[in-house]
Amino acid sequence: MGTVMHKMMNGEIILRVEDIHKCYGDIEVLKGVSFDVRRGETKVFIGPSGTGKSTLLRCINQLTIPDSGCIWLNDEEVIYGGPRINQLRQKIGMVFQNFNLFDHLTAVANVEIALIRVKGMSKADARKKALEELKQVGLLDKANAYPAELSGGQAQRLSIARALAMDPEVILFDEPTSSLDPELTREVLEVMKRLARAGMTMLVVTHEMGFALSVANEILFMEHGTIVEKGSPSDIQTSPAFARTRMFLGTFQDD
Amino acid sequence: MIDLQFDFEILLPALYKGALVTFALILVSAPFGFLNGIGIALGRTYGNRLVSRLCQGYVLFFKGCPLLLLLFIIYFGLPSLGITFTAFTSAVIGFILCNGAYNSEYIRGGIQSVSSGQMTAALSLGMSRVQAIRSIILPQALRKSLPGLSNEFIYLIKYSSLAYMITVIEITGAGNIFAAKYFAFFEVFILIGIFYLGLVTVAGRIIAVIEKKIAIPGFGGV
């Protein structure tokens, strides 16, 4: 725990989320959410379904446009329609529940395409980098396979490799294991744990409580569009202040 | 009754010239009809309200207008507005307009069949919408619309014969002139029928080869 605290105290703040509000019609999904993210930190968002966790992640890279509030990445505001939105999105990787792989491209081409089209890399350089990323997630032998030929776990590891290839400052994981069975979930969580240990800054929306308790620097419990409680895994497990979060965790342990 | 030997000796050169015109009509119209279809489909799917409505209106109009009438309007009607095209150009314009309207519907279907999550993923990697459409959406949409597009191409081959109605002497026209002169309707039109059949068969083969060449696991078909 000491090392975790150390990291949190000393890391510079690279992402700042300020008072984000978002309505869908009459329903206010986010009612003013704020937090800071330090370099190398892993924050895990938990909470009942429909409390705005995924919307919050999508607001960070402006895939969903917040009604009000600001997102800052390294002192630069992330604004939809802003002149540098595409550059900023490169620095904010995203991994989706349904993988969202490019179905017409092989595994290696899925990783390459943004390197070539967005970063303007040569095909040879992009290939080299893509193969490195595939190796990182254990998919080198699947480089020439198409998404339809991959298992769910392999597909999700590929989508992590695709995000990593852009050398992002932070990666957003939107329920990355929710469409996987337990065995495939494990192989994806393994990769995510390795990334966290290697110092990648990560924001993770998940229902995997084991992952949250063992990997997170901070767990944020969201309900009804706000962050209700937040703290380190050890605080949440012991301190009386986290009654609501523990009650929520309890519903999982009953499974 | 009929001296076939004699007929064919002078018939074939006459038809050959007509066939060249038919080829020219198809080879000019098909690529532009294809591009027109892509443009209309993109405008309708990704354009703002106005562009989308305009594209929708375009498709409605050209699907609803009989092609022959369209050719008449372009070749015989437009000159009264001071717009004059040669017969060949008029035919090609008509084919491109009509072919594009139908193509756009197949391509639009293809675009809609690509999961929206792929666009989201492309944007999250820092691609612009245009880049995402070009590198991610269209390559898949076109593959998925190929069977429909190939159908439309086959239609184009056959309705190119309507050009004759606005004085373009393509193969059907050449045949008709010859047949009337020598009173050899049966032989001439059977021969032309075989020509179209051959053309359609070859086109079908070429499309099958293309389809196989660009096939991707998980895309249905092959």
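This is a predicted model: local features need pLDDT of at least 70, side-chain atom pairs count only at pLDDT 80 or more; totals for chains, interfaces and linings use all residues.
Start with helix 2 of chain A, residues 53–60. Six of its eight residues are buried, so the helix is largely enclosed by the rest of the structure. The buried ones are A:K53, A:T55, A:L56, A:L57, A:C59 and A:I60. After the helix comes A:Q62, which has a positive phi, near 65°.

Now the salt bridges. Over all chains the structure holds 16. I'll go through a few.

One of them joins the side chains of A:D67 and A:K22, at 3.8 Å from N to O. This pair links distant parts of the chain: A:D67 sits in the loop between helix 2 and strand 4, A:K22 sits in strand 1, and they are 45 residues apart. Is A:K22 buried or exposed? A:K22 is buried, at 10% relative accessible area, while A:D67 is partly exposed at 46%.

Next, A:E112 and A:R127, whose side chains meet at 2.2 Å, N to O. A:E112 lies in helix 4 and A:R127 in helix 5, so the bridge ties together parts that are 15 residues apart in sequence. A:E112 has 8% relative accessibility; the cut-off for buried is under 20%, so A:E112 counts as buried. A:R127 is partly exposed, at 36%.

Then A:E76 and A:R84, with a salt bridge of 2.6 Å, N to O. Here A:E76 is partly exposed at 24%, and A:R84 is partly exposed at 32%.

Last, chain B. Which residues are linked in a network of salt bridges there? They are B:R44, B:K63, B:E105 and B:R108.

Terms used
Residues are numbered from 1 along each chain as its sequence is written. Chains are lettered from A and ligands numbered from 1 in the order in which they are written. Side-chain values use heavy atoms; hydrogens and water are left out. Buried means under 20% relative accessible area, exposed over 50%, partly exposed in between (1.4 Å probe, protein chains only). Helices (H or I, at least four residues) and strands (E, at least two) are DSSP runs, numbered from the N terminus. A salt bridge is a side-chain nitrogen of Lys or Arg within 4 Å of a carboxyl oxygen of Asp or Glu.
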